[in-house]
Amino acid sequence: MSVKTVAVCNFADLKDGQMKEVPFENEGKVVVYRLGDAVHATSAFCTHYGAPLAKGVLAADGRVVCPWHGACFNICTGDIEDAPAPSALYSFKTHISDGKIFVTADVTRTVKANMSRPPKLLSTGAAPAGKGVVIVGGGAGAFHAIESLREHGYSGNIIVLSKEMHAPIDRTKLSKALITNSAKIEWRNASDLKIRYGTTLRLGVTVVSVDTATKQVMFEGGKESASYDKLILASGGTPRRLPIEGADLANVYTFRGIEDAKKVDADAQEGKRMVVIGSSFISMELVVAVSKRKLASIDVIGMEEFPFEAVLGKEVGKGLKKYHESQGVRFHMKTKVEKIVASESNPSQASGVVVNGQTIPADFIVMGVGVAPATEFLKQSGFTLEKDGGIKVDEYLRVPGHADVYAIGDIAWYPQVGTGESRRIEHWNVASNQGRAVGMTISGNPQPFVKIPVFWSAQGQQLRYCGTGAGYEDVIITGNPDEMKFIAYYVKDNRVVAVASMQNDPVVSKASELLRLGIMPSPGEIREGKNLLDVDISCAESKVRIENA
(Lines give C-alpha, C1' and ligand atoms only; values in the text may rest on other atoms or scores of the structure.)
Protein backbone atom coordinates (compact mmCIF):
# COMPACT_ATOMS: atom_id res chain seq x y z
CA MET A 1 0.00 0.00 0.00
CA SER A 2 1.32 3.41 -1.03
CA VAL A 3 -0.79 6.04 0.71
CA LYS A 4 -0.16 9.64 -0.20
CA THR A 5 -1.80 12.96 0.52
CA VAL A 6 -1.91 15.23 -2.52
CA ALA A 7 -3.23 18.75 -3.13
CA VAL A 8 -5.47 18.17 -6.12
CA CYS A 9 -7.07 21.59 -6.75
CA ASN A 10 -7.99 24.93 -5.21
CA PHE A 11 -11.11 24.89 -3.03
CA ALA A 12 -12.31 28.07 -4.75
CA ASP A 13 -12.18 26.30 -8.13
CA LEU A 14 -14.76 23.74 -7.03
CA LYS A 15 -18.18 25.33 -6.77
CA ASP A 16 -21.08 24.01 -4.70
CA GLY A 17 -22.73 21.17 -6.63
CA GLN A 18 -19.73 20.66 -8.90
CA MET A 19 -17.55 17.63 -9.48
CA LYS A 20 -14.20 17.51 -11.18
CA GLU A 21 -11.79 14.80 -12.30
CA VAL A 22 -8.26 15.64 -11.15
CA PRO A 23 -4.91 13.87 -11.52
CA PHE A 24 -3.46 11.99 -8.55
CA GLU A 25 0.27 11.38 -8.65
CA ASN A 26 1.54 10.02 -11.97
CA GLU A 27 -1.11 7.80 -13.51
CA GLY A 28 -3.92 8.14 -11.02
CA LYS A 29 -7.18 10.08 -11.20
CA VAL A 30 -9.83 10.89 -8.61
CA VAL A 31 -13.10 12.77 -8.70
CA VAL A 32 -13.71 15.48 -6.10
CA TYR A 33 -17.24 16.61 -5.31
CA ARG A 34 -18.50 19.62 -3.41
CA LEU A 35 -21.89 19.63 -1.67
CA GLY A 36 -22.29 22.83 0.33
CA ASP A 37 -19.03 23.21 2.23
CA ALA A 38 -18.33 19.47 2.32
CA VAL A 39 -15.86 17.92 -0.12
CA HIS A 40 -15.78 14.24 -1.00
CA ALA A 41 -13.53 12.16 -3.24
CA THR A 42 -13.86 8.79 -4.99
CA SER A 43 -12.15 6.76 -7.66
CA ALA A 44 -12.81 8.24 -11.08
CA PHE A 45 -14.43 5.51 -13.20
CA CYS A 46 -17.74 3.68 -13.17
CA THR A 47 -17.20 0.07 -12.20
CA HIS A 48 -19.61 -1.15 -14.88
CA TYR A 49 -17.79 -0.31 -18.14
CA GLY A 50 -15.29 2.33 -16.99
CA ALA A 51 -17.12 5.55 -17.92
CA PRO A 52 -15.59 8.77 -16.50
CA LEU A 53 -17.88 9.68 -13.61
CA ALA A 54 -17.06 13.38 -13.82
CA LYS A 55 -19.02 13.42 -17.09
CA GLY A 56 -22.08 12.05 -15.33
CA VAL A 57 -24.64 13.70 -13.06
CA LEU A 58 -24.26 14.77 -9.43
CA ALA A 59 -27.29 15.11 -7.16
CA ALA A 60 -27.43 17.09 -3.93
CA ASP A 61 -28.43 14.02 -1.93
CA GLY A 62 -24.98 12.57 -2.55
CA ARG A 63 -25.47 10.43 -5.67
CA VAL A 64 -23.32 10.39 -8.78
CA VAL A 65 -24.82 8.78 -11.88
CA CYS A 66 -22.70 7.26 -14.64
CA PRO A 67 -23.13 9.10 -17.98
CA TRP A 68 -23.58 5.86 -19.93
CA HIS A 69 -25.78 3.18 -18.36
CA GLY A 70 -27.38 4.54 -15.20
CA ALA A 71 -25.12 3.02 -12.55
CA CYS A 72 -25.16 5.16 -9.43
CA PHE A 73 -22.90 5.51 -6.40
CA ASN A 74 -22.91 7.24 -3.03
CA ILE A 75 -20.14 9.84 -3.16
CA CYS A 76 -19.65 9.78 0.62
CA THR A 77 -19.01 6.04 0.89
CA GLY A 78 -18.50 4.84 -2.70
CA ASP A 79 -21.26 2.28 -2.15
CA ILE A 80 -23.54 1.16 -4.98
CA GLU A 81 -26.87 2.97 -5.15
CA ASP A 82 -28.14 1.57 -8.47
CA ALA A 83 -27.26 -1.23 -10.87
CA PRO A 84 -25.70 -2.08 -13.25
CA ALA A 85 -22.65 -1.32 -11.11
CA PRO A 86 -21.21 -4.71 -10.08
CA SER A 87 -18.79 -3.18 -7.57
CA ALA A 88 -18.47 -0.08 -5.41
CA LEU A 89 -16.09 2.83 -5.81
CA TYR A 90 -13.18 3.63 -3.57
CA SER A 91 -13.83 6.63 -1.36
CA PHE A 92 -10.95 8.76 -0.12
CA LYS A 93 -10.43 11.12 2.79
CA THR A 94 -10.29 14.84 2.04
CA HIS A 95 -9.35 17.96 3.94
CA ILE A 96 -8.96 21.63 3.10
CA SER A 97 -5.83 23.55 4.01
CA ASP A 98 -4.50 26.90 2.79
CA GLY A 99 -7.31 27.13 0.27
CA LYS A 100 -6.48 23.78 -1.35
CA ILE A 101 -8.30 20.45 -1.40
CA PHE A 102 -6.12 17.55 -0.25
CA VAL A 103 -6.98 13.94 -0.98
CA THR A 104 -5.44 11.02 0.91
CA ALA A 105 -5.46 7.79 -1.08
CA ASP A 106 -3.63 4.59 -1.81
CA VAL A 107 -2.12 5.46 -5.18
CA THR A 108 -2.90 1.99 -6.59
CA ARG A 109 -6.61 2.60 -6.00
CA THR A 110 -6.67 5.70 -8.18
CA VAL A 111 -5.73 4.02 -11.47
CA LYS A 112 -8.37 2.74 -13.88
CA ALA A 113 -7.09 -0.83 -13.74
CA ASN A 114 -8.10 -0.93 -10.05
CA MET A 115 -11.33 1.06 -10.36
CA SER A 116 -13.49 -1.47 -8.47
CA ARG A 117 -13.51 -1.66 -4.69
CA PRO A 118 -13.82 -5.20 -3.33
CA PRO A 119 -17.26 -5.55 -1.77
CA LYS A 120 -17.63 -4.88 1.94
CA LEU A 121 -19.51 -8.04 2.82
CA LEU A 122 -21.15 -7.73 6.22
CA SER A 123 -21.70 -11.47 6.02
CA THR A 124 -19.69 -14.01 4.06
CA GLY A 125 -19.49 -17.71 3.44
CA ALA A 126 -19.64 -19.01 7.00
CA ALA A 127 -23.41 -19.53 6.86
CA PRO A 128 -25.05 -21.63 9.57
CA ALA A 129 -27.08 -24.72 8.79
CA GLY A 130 -30.68 -23.96 7.87
CA LYS A 131 -32.98 -23.24 4.98
CA GLY A 132 -31.93 -19.71 3.98
CA VAL A 133 -32.72 -18.03 0.66
CA VAL A 134 -33.39 -19.99 -2.51
CA ILE A 135 -33.16 -18.09 -5.81
CA VAL A 136 -34.76 -19.63 -8.89
CA GLY A 137 -32.81 -18.28 -11.87
CA GLY A 138 -29.20 -17.38 -12.50
CA GLY A 139 -29.36 -14.02 -14.27
CA ALA A 140 -28.78 -10.38 -13.40
CA GLY A 141 -31.48 -10.28 -10.74
CA ALA A 142 -29.97 -13.28 -8.98
CA PHE A 143 -26.45 -11.84 -9.03
CA HIS A 144 -27.48 -8.48 -7.60
CA ALA A 145 -29.68 -10.17 -4.99
CA ILE A 146 -26.67 -12.19 -3.78
CA GLU A 147 -24.49 -9.07 -3.64
CA SER A 148 -27.16 -7.11 -1.79
CA LEU A 149 -27.93 -9.88 0.71
CA ARG A 150 -24.31 -10.17 1.77
CA GLU A 151 -23.59 -6.43 1.64
CA HIS A 152 -26.52 -5.78 3.98
CA GLY A 153 -25.73 -8.46 6.52
CA TYR A 154 -27.81 -11.49 5.59
CA SER A 155 -26.01 -14.46 7.16
CA GLY A 156 -28.13 -17.45 6.10
CA ASN A 157 -27.55 -19.92 3.32
CA ILE A 158 -28.08 -18.87 -0.30
CA ILE A 159 -28.83 -21.46 -2.98
CA VAL A 160 -29.22 -20.59 -6.67
CA LEU A 161 -31.08 -23.00 -8.94
CA SER A 162 -30.16 -22.10 -12.52
CA LYS A 163 -30.87 -23.77 -15.84
CA GLU A 164 -27.68 -22.16 -17.18
CA MET A 165 -24.31 -23.93 -17.08
CA HIS A 166 -22.37 -20.96 -15.72
CA ALA A 167 -22.43 -18.33 -12.99
CA PRO A 168 -24.44 -15.13 -13.67
CA ILE A 169 -23.10 -13.26 -16.70
CA ASP A 170 -23.33 -9.81 -18.28
CA ARG A 171 -26.02 -11.01 -20.69
CA THR A 172 -26.11 -7.67 -22.54
CA LYS A 173 -22.77 -8.54 -24.17
CA LEU A 174 -24.26 -11.54 -25.95
CA SER A 175 -26.32 -9.56 -28.46
CA LYS A 176 -24.11 -6.48 -28.46
CA ALA A 177 -20.78 -8.25 -29.02
CA LEU A 178 -21.55 -11.97 -29.63
CA ILE A 179 -19.37 -13.09 -26.73
CA THR A 180 -19.34 -16.89 -26.69
CA ASN A 181 -17.15 -17.65 -23.66
CA SER A 182 -19.12 -17.33 -20.43
CA ALA A 183 -15.94 -17.06 -18.35
CA LYS A 184 -15.19 -13.70 -20.00
CA ILE A 185 -18.47 -12.14 -18.88
CA GLU A 186 -19.20 -13.76 -15.52
CA TRP A 187 -19.73 -11.13 -12.82
CA ARG A 188 -18.30 -13.52 -10.22
CA ASN A 189 -17.15 -17.07 -10.86
CA ALA A 190 -18.68 -20.04 -9.07
CA SER A 191 -15.79 -20.50 -6.63
CA ASP A 192 -15.87 -16.81 -5.67
CA LEU A 193 -19.62 -16.99 -5.06
CA LYS A 194 -19.12 -20.13 -2.96
CA ILE A 195 -16.11 -19.05 -0.91
CA ARG A 196 -16.70 -15.32 -0.45
CA TYR A 197 -20.48 -15.12 -0.70
CA GLY A 198 -21.49 -18.42 0.86
CA THR A 199 -23.64 -19.17 -2.18
CA THR A 200 -24.24 -22.63 -3.63
CA LEU A 201 -24.82 -22.68 -7.38
CA ARG A 202 -26.79 -25.61 -8.77
CA LEU A 203 -26.23 -25.25 -12.50
CA GLY A 204 -28.05 -26.90 -15.38
CA VAL A 205 -31.10 -27.74 -13.29
CA THR A 206 -34.77 -27.27 -14.12
CA VAL A 207 -37.24 -26.26 -11.43
CA VAL A 208 -40.56 -28.09 -11.81
CA SER A 209 -42.68 -26.82 -8.90
CA VAL A 210 -42.85 -24.89 -5.63
CA ASP A 211 -44.66 -26.06 -2.50
CA THR A 212 -45.27 -22.91 -0.48
CA ALA A 213 -46.91 -24.83 2.38
CA THR A 214 -43.73 -26.79 3.15
CA LYS A 215 -41.42 -24.14 1.64
CA GLN A 216 -39.83 -26.54 -0.84
CA VAL A 217 -38.63 -26.00 -4.38
CA MET A 218 -38.61 -29.17 -6.48
CA PHE A 219 -36.21 -29.62 -9.39
CA GLU A 220 -34.72 -32.30 -11.63
CA GLY A 221 -38.10 -33.85 -12.32
CA GLY A 222 -39.02 -33.75 -8.66
CA LYS A 223 -36.11 -36.00 -7.66
CA GLU A 224 -34.44 -33.22 -5.68
CA SER A 225 -35.65 -30.34 -3.55
CA ALA A 226 -34.36 -27.29 -1.71
CA SER A 227 -35.96 -25.85 1.41
CA TYR A 228 -36.26 -22.11 1.90
CA ASP A 229 -37.04 -19.44 4.46
CA LYS A 230 -37.28 -16.86 1.68
CA LEU A 231 -37.79 -17.57 -2.02
CA ILE A 232 -36.79 -15.24 -4.85
CA LEU A 233 -38.34 -16.07 -8.22
CA ALA A 234 -35.96 -14.69 -10.86
CA SER A 235 -36.47 -17.16 -13.69
CA GLY A 236 -36.35 -14.61 -16.50
CA GLY A 237 -37.79 -15.13 -19.96
CA THR A 238 -38.06 -17.85 -22.57
CA PRO A 239 -37.57 -16.75 -26.21
CA ARG A 240 -40.68 -17.08 -28.32
CA ARG A 241 -40.86 -18.96 -31.59
CA LEU A 242 -43.47 -18.03 -34.14
CA PRO A 243 -46.05 -20.81 -34.64
CA ILE A 244 -45.27 -21.19 -38.33
CA GLU A 245 -44.12 -23.94 -40.64
CA GLY A 246 -40.35 -24.46 -40.42
CA ALA A 247 -39.88 -22.67 -37.09
CA ASP A 248 -38.09 -25.69 -35.59
CA LEU A 249 -35.58 -26.31 -38.37
CA ALA A 250 -32.00 -26.72 -37.18
CA ASN A 251 -30.63 -23.38 -38.34
CA VAL A 252 -33.55 -21.29 -37.04
CA TYR A 253 -32.35 -19.77 -33.78
CA THR A 254 -33.78 -17.79 -30.92
CA PHE A 255 -31.40 -15.66 -28.86
CA ARG A 256 -31.07 -15.61 -25.09
CA GLY A 257 -27.98 -17.39 -23.78
CA ILE A 258 -24.40 -18.44 -24.45
CA GLU A 259 -25.39 -21.46 -26.55
CA ASP A 260 -27.50 -19.21 -28.79
CA ALA A 261 -24.55 -16.84 -29.21
CA LYS A 262 -22.30 -19.75 -30.18
CA LYS A 263 -24.72 -20.86 -32.91
CA VAL A 264 -25.09 -17.38 -34.41
CA ASP A 265 -21.35 -16.73 -34.15
CA ALA A 266 -20.56 -19.98 -35.97
CA ASP A 267 -22.98 -19.27 -38.81
CA ALA A 268 -22.39 -15.51 -39.23
CA GLN A 269 -19.36 -15.89 -41.47
CA GLU A 270 -18.26 -14.16 -44.66
CA GLY A 271 -20.55 -14.85 -47.60
CA LYS A 272 -23.44 -16.17 -45.52
CA ARG A 273 -27.03 -14.91 -45.76
CA MET A 274 -28.76 -13.94 -42.51
CA VAL A 275 -32.48 -13.34 -42.07
CA VAL A 276 -33.74 -11.79 -38.84
CA ILE A 277 -37.42 -12.14 -37.97
CA GLY A 278 -38.48 -9.27 -35.73
CA SER A 279 -37.04 -5.76 -35.54
CA SER A 280 -36.59 -5.84 -31.76
CA PHE A 281 -33.67 -4.35 -29.84
CA ILE A 282 -32.04 -7.78 -29.50
CA SER A 283 -32.51 -8.42 -33.23
CA MET A 284 -31.00 -5.13 -34.31
CA GLU A 285 -28.11 -5.39 -31.84
CA LEU A 286 -27.24 -8.71 -33.44
CA VAL A 287 -27.39 -7.06 -36.85
CA VAL A 288 -24.87 -4.47 -35.65
CA ALA A 289 -22.68 -7.15 -34.08
CA VAL A 290 -22.32 -9.08 -37.37
CA SER A 291 -22.39 -6.11 -39.75
CA LYS A 292 -18.61 -6.07 -40.25
CA ARG A 293 -18.32 -9.78 -41.00
CA LYS A 294 -18.88 -9.41 -44.75
CA LEU A 295 -22.08 -11.42 -44.87
CA ALA A 296 -23.62 -11.75 -48.32
CA SER A 297 -26.90 -10.29 -47.07
CA ILE A 298 -28.77 -9.28 -43.92
CA ASP A 299 -32.57 -9.09 -44.19
CA VAL A 300 -34.82 -7.91 -41.35
CA ILE A 301 -38.55 -8.67 -41.29
CA GLY A 302 -40.75 -6.53 -39.04
CA MET A 303 -44.45 -5.97 -38.39
CA GLU A 304 -44.14 -2.22 -37.76
CA GLU A 305 -43.38 0.45 -40.34
CA PHE A 306 -40.08 1.23 -38.59
CA PRO A 307 -37.93 -0.69 -36.10
CA PHE A 308 -38.57 0.19 -32.42
CA GLU A 309 -41.60 2.24 -33.46
CA ALA A 310 -43.76 1.16 -30.50
CA VAL A 311 -41.08 2.20 -27.99
CA LEU A 312 -39.28 5.11 -29.67
CA GLY A 313 -41.82 6.45 -32.16
CA LYS A 314 -41.88 6.75 -35.93
CA GLU A 315 -39.34 9.56 -36.33
CA VAL A 316 -36.63 7.91 -34.22
CA GLY A 317 -37.39 4.51 -35.75
CA LYS A 318 -37.11 6.01 -39.23
CA GLY A 319 -33.71 7.50 -38.43
CA LEU A 320 -32.36 4.21 -37.07
CA LYS A 321 -33.73 2.31 -40.07
CA LYS A 322 -31.94 4.77 -42.36
CA TYR A 323 -28.67 4.09 -40.55
CA HIS A 324 -28.99 0.33 -40.81
CA GLU A 325 -29.87 0.60 -44.50
CA SER A 326 -26.67 2.61 -45.01
CA GLN A 327 -24.82 -0.44 -43.65
CA GLY A 328 -26.41 -2.71 -46.25
CA VAL A 329 -29.32 -4.09 -44.22
CA ARG A 330 -32.52 -4.76 -46.18
CA PHE A 331 -35.83 -4.27 -44.39
CA HIS A 332 -39.16 -5.93 -45.09
CA MET A 333 -41.51 -3.97 -42.83
CA LYS A 334 -45.25 -4.00 -42.20
CA THR A 335 -45.29 -7.64 -43.08
CA LYS A 336 -45.69 -11.08 -41.54
CA VAL A 337 -43.76 -14.27 -42.10
CA GLU A 338 -45.81 -16.88 -43.95
CA LYS A 339 -43.49 -19.83 -43.46
CA ILE A 340 -39.87 -20.94 -43.34
CA VAL A 341 -38.80 -23.13 -46.24
CA ALA A 342 -36.70 -26.25 -45.75
CA SER A 343 -33.70 -26.91 -47.98
CA GLU A 344 -34.27 -29.45 -50.74
CA SER A 345 -30.79 -30.88 -50.27
CA ASN A 346 -31.03 -31.00 -46.46
CA PRO A 347 -34.63 -31.00 -45.18
CA SER A 348 -33.49 -30.41 -41.58
CA GLN A 349 -32.10 -27.00 -42.55
CA ALA A 350 -33.94 -23.81 -43.53
CA SER A 351 -33.12 -22.26 -46.88
CA GLY A 352 -35.42 -19.25 -46.89
CA VAL A 353 -38.26 -17.25 -45.39
CA VAL A 354 -41.47 -16.57 -47.29
CA VAL A 355 -43.02 -13.10 -46.97
CA ASN A 356 -45.66 -11.64 -49.27
CA GLY A 357 -45.37 -14.68 -51.52
CA GLN A 358 -41.65 -14.19 -52.10
CA THR A 359 -38.80 -16.21 -50.62
CA ILE A 360 -35.87 -14.45 -48.95
CA PRO A 361 -32.87 -16.82 -49.16
CA ALA A 362 -31.16 -17.64 -45.87
CA ASP A 363 -28.22 -19.67 -44.60
CA PHE A 364 -29.43 -19.11 -41.05
CA ILE A 365 -32.36 -17.36 -39.39
CA VAL A 366 -32.72 -15.61 -36.04
CA MET A 367 -36.13 -15.11 -34.43
CA GLY A 368 -36.10 -12.00 -32.28
CA VAL A 369 -39.80 -11.86 -31.48
CA GLY A 370 -39.73 -11.34 -27.74
CA VAL A 371 -39.77 -13.53 -24.66
CA ALA A 372 -42.44 -15.09 -22.48
CA PRO A 373 -42.07 -15.13 -18.68
CA ALA A 374 -40.40 -18.40 -17.67
CA THR A 375 -43.11 -19.37 -15.18
CA GLU A 376 -44.37 -22.75 -16.41
CA PHE A 377 -43.27 -24.33 -13.13
CA LEU A 378 -45.55 -21.98 -11.17
CA LYS A 379 -48.76 -22.92 -12.98
CA GLN A 380 -49.10 -26.18 -11.06
CA SER A 381 -47.89 -24.65 -7.80
CA GLY A 382 -50.93 -22.60 -6.81
CA PHE A 383 -49.66 -19.26 -8.12
CA THR A 384 -51.99 -16.90 -9.96
CA LEU A 385 -50.38 -15.76 -13.19
CA GLU A 386 -51.23 -12.86 -15.46
CA LYS A 387 -52.41 -13.48 -19.03
CA ASP A 388 -48.87 -13.23 -20.37
CA GLY A 389 -47.52 -15.64 -17.75
CA GLY A 390 -46.05 -12.95 -15.51
CA ILE A 391 -46.73 -12.72 -11.79
CA LYS A 392 -47.99 -9.70 -9.88
CA VAL A 393 -46.05 -8.33 -6.90
CA ASP A 394 -46.49 -5.46 -4.44
CA GLU A 395 -44.21 -2.45 -4.00
CA TYR A 396 -41.77 -4.62 -2.00
CA LEU A 397 -41.74 -7.18 -4.83
CA ARG A 398 -43.57 -9.71 -2.63
CA VAL A 399 -46.01 -12.14 -4.22
CA PRO A 400 -49.41 -11.55 -2.58
CA GLY A 401 -50.92 -14.61 -0.95
CA HIS A 402 -47.58 -16.43 -0.65
CA ALA A 403 -45.58 -15.64 2.47
CA ASP A 404 -41.84 -15.07 2.03
CA VAL A 405 -41.96 -15.29 -1.77
CA TYR A 406 -40.60 -12.51 -4.01
CA ALA A 407 -40.55 -12.17 -7.80
CA ILE A 408 -38.19 -9.97 -9.81
CA GLY A 409 -37.09 -9.25 -13.36
CA ASP A 410 -38.81 -10.30 -16.58
CA ILE A 411 -41.57 -12.22 -14.78
CA ALA A 412 -42.67 -9.50 -12.34
CA TRP A 413 -45.68 -7.20 -12.78
CA TYR A 414 -44.82 -4.44 -10.31
CA PRO A 415 -46.47 -1.10 -9.39
CA GLN A 416 -45.02 1.93 -11.19
CA VAL A 417 -43.79 4.94 -9.26
CA GLY A 418 -46.29 7.78 -9.25
CA THR A 419 -49.19 5.97 -10.90
CA GLY A 420 -49.33 2.65 -9.06
CA GLU A 421 -50.13 1.04 -12.41
CA SER A 422 -48.85 -2.53 -12.58
CA ARG A 423 -46.45 -3.21 -15.44
CA ARG A 424 -43.91 -5.85 -16.46
CA ILE A 425 -40.65 -4.43 -17.83
CA GLU A 426 -38.04 -6.57 -19.57
CA HIS A 427 -35.03 -4.37 -18.87
CA TRP A 428 -31.84 -5.99 -17.63
CA ASN A 429 -31.29 -2.99 -15.35
CA VAL A 430 -34.74 -3.34 -13.76
CA ALA A 431 -34.03 -6.97 -12.84
CA SER A 432 -30.68 -5.94 -11.36
CA ASN A 433 -32.10 -3.17 -9.22
CA GLN A 434 -34.99 -5.36 -8.11
CA GLY A 435 -32.47 -7.96 -6.96
CA ARG A 436 -30.72 -5.30 -4.91
CA ALA A 437 -34.02 -4.12 -3.39
CA VAL A 438 -35.13 -7.63 -2.39
CA GLY A 439 -31.70 -8.30 -0.90
CA MET A 440 -32.11 -5.28 1.36
CA THR A 441 -35.65 -6.26 2.33
CA ILE A 442 -34.70 -9.82 3.28
CA SER A 443 -31.70 -8.48 5.21
CA GLY A 444 -34.03 -6.50 7.46
CA ASN A 445 -34.24 -3.13 5.73
CA PRO A 446 -37.55 -3.21 3.79
CA GLN A 447 -36.98 -1.51 0.46
CA PRO A 448 -39.91 -0.54 -1.78
CA PHE A 449 -38.93 -0.64 -5.44
CA VAL A 450 -38.96 2.91 -6.77
CA LYS A 451 -36.12 2.92 -9.31
CA ILE A 452 -36.48 4.60 -12.69
CA PRO A 453 -36.08 2.05 -15.53
CA VAL A 454 -32.97 2.57 -17.66
CA PHE A 455 -31.81 0.70 -20.74
CA TRP A 456 -29.33 1.13 -23.56
CA SER A 457 -28.79 -0.38 -26.98
CA ALA A 458 -25.93 -0.45 -29.48
CA GLN A 459 -27.40 0.81 -32.77
CA GLY A 460 -24.40 2.25 -34.58
CA GLN A 461 -24.34 4.88 -31.85
CA GLN A 462 -25.31 4.24 -28.25
CA LEU A 463 -29.03 4.67 -27.63
CA ARG A 464 -29.93 5.59 -24.04
CA TYR A 465 -33.43 5.50 -22.55
CA CYS A 466 -34.98 6.08 -19.14
CA GLY A 467 -38.50 6.14 -17.75
CA THR A 468 -41.69 4.29 -18.59
CA GLY A 469 -42.98 5.52 -21.94
CA ALA A 470 -45.55 2.83 -22.69
CA GLY A 471 -48.72 4.38 -24.08
CA TYR A 472 -47.05 7.73 -24.78
CA GLU A 473 -49.28 10.25 -26.52
CA ASP A 474 -46.71 12.58 -28.05
CA VAL A 475 -43.00 12.78 -28.77
CA ILE A 476 -40.97 15.99 -28.61
CA ILE A 477 -37.69 15.74 -30.51
CA THR A 478 -34.67 18.01 -30.49
CA GLY A 479 -31.80 17.28 -32.85
CA ASN A 480 -32.05 14.99 -35.85
CA PRO A 481 -32.66 11.22 -35.63
CA ASP A 482 -31.48 10.90 -39.25
CA GLU A 483 -28.04 11.99 -38.01
CA MET A 484 -28.21 9.67 -34.96
CA LYS A 485 -27.95 12.73 -32.71
CA PHE A 486 -31.12 13.66 -30.87
CA ILE A 487 -33.11 13.82 -27.65
CA ALA A 488 -36.66 12.45 -27.63
CA TYR A 489 -39.13 13.28 -24.83
CA TYR A 490 -42.13 10.97 -24.46
CA VAL A 491 -45.29 12.66 -23.18
CA LYS A 492 -48.30 11.12 -21.45
CA ASP A 493 -51.03 12.95 -19.49
CA ASN A 494 -49.14 16.20 -20.15
CA ARG A 495 -46.04 14.90 -18.38
CA VAL A 496 -42.66 13.83 -19.72
CA VAL A 497 -42.55 10.16 -18.69
CA ALA A 498 -39.49 8.95 -20.60
CA VAL A 499 -36.45 10.30 -22.45
CA ALA A 500 -34.24 8.73 -25.14
CA SER A 501 -31.07 10.09 -26.69
CA MET A 502 -28.14 9.46 -28.96
CA GLN A 503 -24.84 11.38 -28.77
CA ASN A 504 -26.17 13.64 -26.02
CA ASP A 505 -24.67 12.20 -22.84
CA PRO A 506 -25.39 12.68 -19.99
CA VAL A 507 -28.94 13.81 -20.84
CA VAL A 508 -30.59 10.46 -20.08
CA SER A 509 -28.69 10.14 -16.80
CA LYS A 510 -29.91 13.62 -15.87
CA ALA A 511 -33.45 12.75 -16.98
CA SER A 512 -33.46 9.66 -14.76
CA GLU A 513 -32.59 11.83 -11.75
CA LEU A 514 -35.21 14.44 -12.63
CA LEU A 515 -37.81 11.68 -12.87
CA ARG A 516 -36.63 10.22 -9.56
CA LEU A 517 -36.86 13.60 -7.83
CA GLY A 518 -40.20 14.45 -9.43
CA ILE A 519 -38.97 17.69 -11.02
CA MET A 520 -38.90 16.83 -14.72
CA PRO A 521 -39.69 19.98 -16.77
CA SER A 522 -43.12 20.07 -18.36
CA PRO A 523 -43.73 19.37 -22.07
CA GLY A 524 -44.40 23.09 -22.50
CA GLU A 525 -41.02 23.99 -21.04
CA ILE A 526 -39.29 21.43 -23.28
CA ARG A 527 -40.99 22.87 -26.36
CA GLU A 528 -39.82 26.32 -25.35
CA GLY A 529 -36.21 25.10 -25.32
CA LYS A 530 -35.63 24.03 -21.70
CA ASN A 531 -32.37 22.07 -21.46
CA LEU A 532 -32.40 19.28 -18.86
CA LEU A 533 -28.71 19.80 -18.19
CA ASP A 534 -29.47 23.34 -17.01
CA VAL A 535 -31.80 22.15 -14.24
CA ASP A 536 -29.82 22.43 -11.00
CA ILE A 537 -30.09 19.37 -8.75
CA SER A 538 -26.56 19.51 -7.33
CA CYS A 539 -26.05 22.50 -5.05
CA ALA A 540 -27.24 22.83 -1.45
CA GLU A 541 -29.89 25.38 -2.42
CA SER A 542 -31.37 22.99 -4.99
CA LYS A 543 -31.67 20.28 -2.34
CA VAL A 544 -33.79 22.54 -0.17
CA ARG A 545 -35.90 23.54 -3.18
CA ILE A 546 -36.47 19.90 -4.19
CA GLU A 547 -37.40 18.86 -0.65
CA ASN A 548 -39.96 21.66 -0.50
CA ALA A 549 -41.39 21.00 -3.95
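Author: Buried means under 20% relative accessible area, exposed means over 50%, and partly exposed lies in between, with a 1.4 Å probe and protein chains only. This is a predicted model, in which local features need pLDDT of at least 70, side-chain atom pairs count only at pLDDT 80 or more, and totals for chains, interfaces and linings use all residues. Residues are numbered from 1 along each chain as its sequence is written, and side-chain values use heavy atoms, with hydrogens and water left out.

Reader: Is Asn 356 buried or exposed?
Author: Asn 356 sits in the loop between strand S24 (350-355) and strand S25 (358-361); helices (H or I, at least four residues) and strands (E, at least two) are DSSP runs, numbered from the N terminus. Its phi is positive, about 50°, although Asn 356 is not a glycine. With a relative accessible area of 59%, Asn 356 is exposed.

Reader: What is the relative accessibility of Asp 98?
Author: Asp 98 lies in the loop between S9 and strand S10 (100-106). Although not a glycine, Asp 98 has a positive phi of about 55°. Asp 98 counts as exposed because its relative accessibility is 77%.

Reader: How far apart in space are Phe 92 and Val 30, C-alpha to C-alpha?
Author: Phe 92 is found in strand S9 and is buried, with a relative accessible area of 10%. Not counting residues up to four places away in sequence, Phe 92 touches several residues, among them Val 30, Ala 41 and Arg 109. Phe 92 and Val 30 are 62 residues apart in sequence, while their C-alpha separation in space is 8.8 Å.

Reader: How is the direction of H1 relative to H9 classed?
Author: The axes of helix H1 (residues 140-151) and helix H9 (residues 428-442) come within 7 Å and cross at roughly 30°. Axes are lines fitted to C-alpha atoms, for helices over the stretch in contact, and angles run from 0 to 180 degrees between N-to-C directions. Angles under 35 degrees count as roughly parallel, over 145 as roughly antiparallel, 65 to 115 as roughly perpendicular and the rest as oblique. The class of H1 relative to H9 is therefore roughly parallel.

Reader: How many residues of H9 are buried?
Author: The expected span of a helix is 1.5 Å times one less than its number of residues. For the 15 residues of H9 this gives 21 Å, which agrees with end C-alpha atoms 21 Å apart. H9 is largely enclosed by the rest of the structure, because the number of its residues that are buried is 15 of the 15.

Definitions and conventions. Contact = heavy atoms within 4.5 Å.
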